[in-house]
Amino acid sequence: MDPVEVARRAGHSIAVLWKFYAKILRGQEHRANRLINDALGTPEDASITA
């Protein structure tokens, strides 16, 4: 999700989002990719191309 939208929904500025929540978000890319691949029915090692 777009960080600006996350900040808006949380009632924070983007600076607050990055300062306090970046450590929570770090390392979540693998999990997010797995969820996306599961939803699309693609193998986990498949490359995402534009």
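**Exercise 1. Find the partner with which Glu-5 forms a salt bridge at 2.6 Å.**

Step 1: Start with the rule: a salt bridge is a side-chain nitrogen of Lys or Arg within 4 Å of a carboxyl oxygen of Asp or Glu. Side chains of opposite charge can pair when their charged atoms come close.

Step 2: Apply the rule to Glu-5: its partner is Arg-8, with the closest N and O atoms 2.6 Å apart.

Step 3: Look at the positions. Glu-5 and Arg-8 are three residues apart in helix H1 (residues 3–10), so about one helical turn separates them. Helices here are DSSP runs (H or I, at least four residues), numbered from the N terminus.

A word on the model: it is predicted, so local features need pLDDT of at least 70 and side-chain atom pairs count only at pLDDT 80 or more, while totals for chains, interfaces and linings use all residues. Residues are numbered from 1 along each chain as its sequence is written, and side-chain values use heavy atoms, leaving out hydrogens and water.

**Exercise 2. Decide whether Arg-8 and Arg-9 are buried or exposed.**

Step 1: Take the cut-offs: buried is under 20% relative accessible area, exposed over 50%, partly exposed in between (1.4 Å probe, protein chains only).

Step 2: Arg-8 has 56%, so Arg-8 is exposed. Arg-9 has 57%, so Arg-9 is exposed.

Note on methods. Helix = DSSP H or I, 4+ residues; strand = E, 2+ residues; numbered from the N terminus.
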